[in-house]
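Hello,

Here is the structure I promised to pass on. Please have it open while you read the notes below.

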Amino acid sequence: MEHHDVVIIGGGPAGLTLACELRERGRKDVVVLEREAQAGGIPRHCGHGGFGLYNSWRTHKGPTFAKLLREPAREIDLRTATTVLNFTMSGNLRLHSAKGIQEMSAGTLVLATGTREASRAARLIGGNKLPGVMNTGELQQRVYLNHEKPFSRPVIIGSEWVSFSSLLTCRHAGMRVQAMITEEASLDAPGIFGLGARLVFGAPVLRKAKLRAILGHKKVEAVEVEQGGTTKQIACDGVIISGKFRSESALYADGFIEREGWAPKVTEQFKTSRPNVLAVGNVLGHLERAGTCMLQARELAKVMTA
Ligand SMILES: Cc1cc2nc3c(=O)[nH]c(=O)nc-3n(C[C@H](O)[C@H](O)[C@H](O)COP(=O)(O)OP(=O)(O)OC[C@H]3O[C@@H](n4cnc5c(N)ncnc54)[C@H](O)[C@@H]3O)c2cc1C
């Protein structure tokens with residue numbers, strides 16, 4: 001069985017930064033496993049600006065930022081199109097790649113698998129199961145990576161930063177957002193965004209409003225929204241369910257490590273409950289900025305090489 005000194009699961013900003021820092025600090029046997037065909041994590045499909053390196057004031061569009069992350073990572077053993085499926089009882093990894101299913105063992109294992117938006121089911125949204133309902137991540141992959149336009153008049157559920165990222169993506173693709181719908185009384189992102197949504201993008205923000213059901217036969221035709229004790233329908237042809245991020249926990253849902261909510265429980269030094277398993281970046285449960293995840297990774301590299 002293949003064995004490595006350090007195996008990092010996830011080639012996003014946190015995983016790539018950690019691998020590069022470890023290499024600079026003399027740890028040579030480091031492997032990064034990334035399920036996508038290209039490393040870079042979420043920024044790969046965020047076509048808007050706002051991504052900054054922790055050590056500079058410049059900001060970049062997501063794909064440019066992801067490219068900047070990949071450049072120094074050329075020196076490391078990065079295996080793309082490689083998905084870690086689960087862990088064996090003895091703590092080894094089972095992974096899938098073009099070579100098929102393999103097992104790998106690691107002296108130290110680092111979880112850098114990021115976070116994901118809560119699904120429709122997790123949010124208890126009723127109605128038919130129809131195409132045209134997706135989260136921001138899928139929307140951005142389809143628009144920026146596949147150059148698709150999955151719908152033209154969607155509604156956006158949520159009012160977090162990422163919901164406004166969806167709004168920008170819709171504008172990029174020439175879609176007209178019918179409404180932004182949030183259960184909160186005030187926006188999770190700064191209020192100026194709500195004003196911008198209405199004035200710049202023509203999308204009204206419905207506060208204290210709950211999406212009850214997605215309606216339609218073969219495709220989305222409307223959403224049913226409850227607000228202030230009354231229920232109304234908003235015509236639309238797509239629904240973007242954004243935000244409410246939770247740690248990407250699929251790998252350790254079976255009790256492999258202790259959790260706090262969805263995220264791995266860690267000490268200040270990024271240690272999980274299992275010896276030799278560490279965690280860094282957004283997998284820790286909060287949607288941080290990319291630069292913050294990279295700073296965490298640098299910190300972890302120091303801890304690992306102290
Ligand atoms: C829509 C959106 C817009 C954003 N805009 C900004 C912005 O403007 N500026 C900013 O600074 N930050 C922004 N962020 C936040 C930023 O993208 C994250 O902070 C950063 O990507 C987190 O890095 P990470 O490495 O922890 O996780 P991720 O970037 O999520 O990377 C995790 C990687 O792990 C891989 N992975 C997961 N599970 C497995 C597995 N089982 N096997 C193998 N690989 C696996 C994934 O494919 C992924 O590549 C945005 C986030 C979103 C969602």
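S90 lies in the loop that links strand 6 (83-87) to strand 7 (93-97). This is a predicted model, and in it S90 counts as exposed, because its relative accessibility is 57% and the cut-off for exposed is over 50%. S90 is 193 residues from V283 in sequence. In space the two are 23 Å apart, C-alpha to C-alpha.

V283 turns up again in the contacts of L111. L111 touches V283, and its other contacts include V277, L278, A279 and V280. L251, Y252 and I257 are also among the residues that L111 touches.

Now the core. The largest nonpolar core has 48 residues. L111 is one of five members that touch the most other members; the others are I8, L18, L93 and V110. Helix 6 gives this core its largest share, seven residues. In soluble globular proteins, nonpolar side chains tend to be buried together.

Next, a histidine. H48 sits in the loop between strand 2 (30-33) and strand 3 (51-52). Is H48 buried or exposed? H48 is buried, because its relative accessible area is 16% and buried means under 20%. The side chain of H48 makes a polar contact of 2.7 Å with the side chain of S165. Leaving out residues up to four places away in sequence, H48 touches S165 and L168, along with Q140 and Y144. H60, K61 and G62 complete the set of residues that H48 touches.

On to charges. How many salt bridges does a search of the whole structure find? The search finds ten. Three of them are set out here.

- E299 and K302 form a salt bridge, with the closest N and O atoms 3.8 Å apart. Both belong to helix 6 (residues 290-305), and they are separated by about one helical turn because they are three residues apart. E299 is partly exposed at 38% relative accessibility. K302 is partly exposed at 43%.
- R79 and D77 meet through their side chains in a salt bridge of 3.0 Å, N to O. R79 has 21% relative accessibility and counts as partly exposed. D77 has 30% and also counts as partly exposed.
- E258 pairs with K265 in a salt bridge, with 3.5 Å between the closest N and O atoms. E258 is partly exposed at 44% relative accessibility. K265 is partly exposed at 36%.

One link goes beyond a single pair. K302, at 43% relative accessibility, is partly exposed. Elsewhere, salt bridges that share partners join E2, D77 and R79 into one network.

Last, a strand pair. In which sense do strand 16 (residues 220-227) and strand 17 (residues 230-235) pair? They pair in the antiparallel sense, over six bridges. A222 stands opposite A235 of strand 17. Strand 16 and strand 17 form a hairpin, and two residues lie between them. G228 is in the turn and has a positive phi of about 55 degrees. In a regular strand the side chains alternate between the two faces of the sheet.

Best wishes

Key:
Residues numbered from 1 in each chain as written. Predicted model: local features only at pLDDT ≥ 70, side-chain atom pairs only at ≥ 80, totals over all residues. Heavy atoms only, no water. Pairing = 2+ DSSP bridges. Helix = DSSP H or I, 4+ residues; strand = E, 2+ residues; numbered from the N terminus. Salt bridge = Lys/Arg side-chain N within 4 Å of Asp/Glu carboxyl O. Buried < 20%, exposed > 50% of the residue type's maximum accessible area, 1.4 Å probe, protein only. Core = buried A, V, L, I, M, F, W, Y, C linked by side-chain atoms within 4.5 Å. Contact = heavy atoms within 4.5 Å. Polar contact = N/O pair within 3.5 Å; in protein donor to acceptor, adjacent residues only side chain to side chain.
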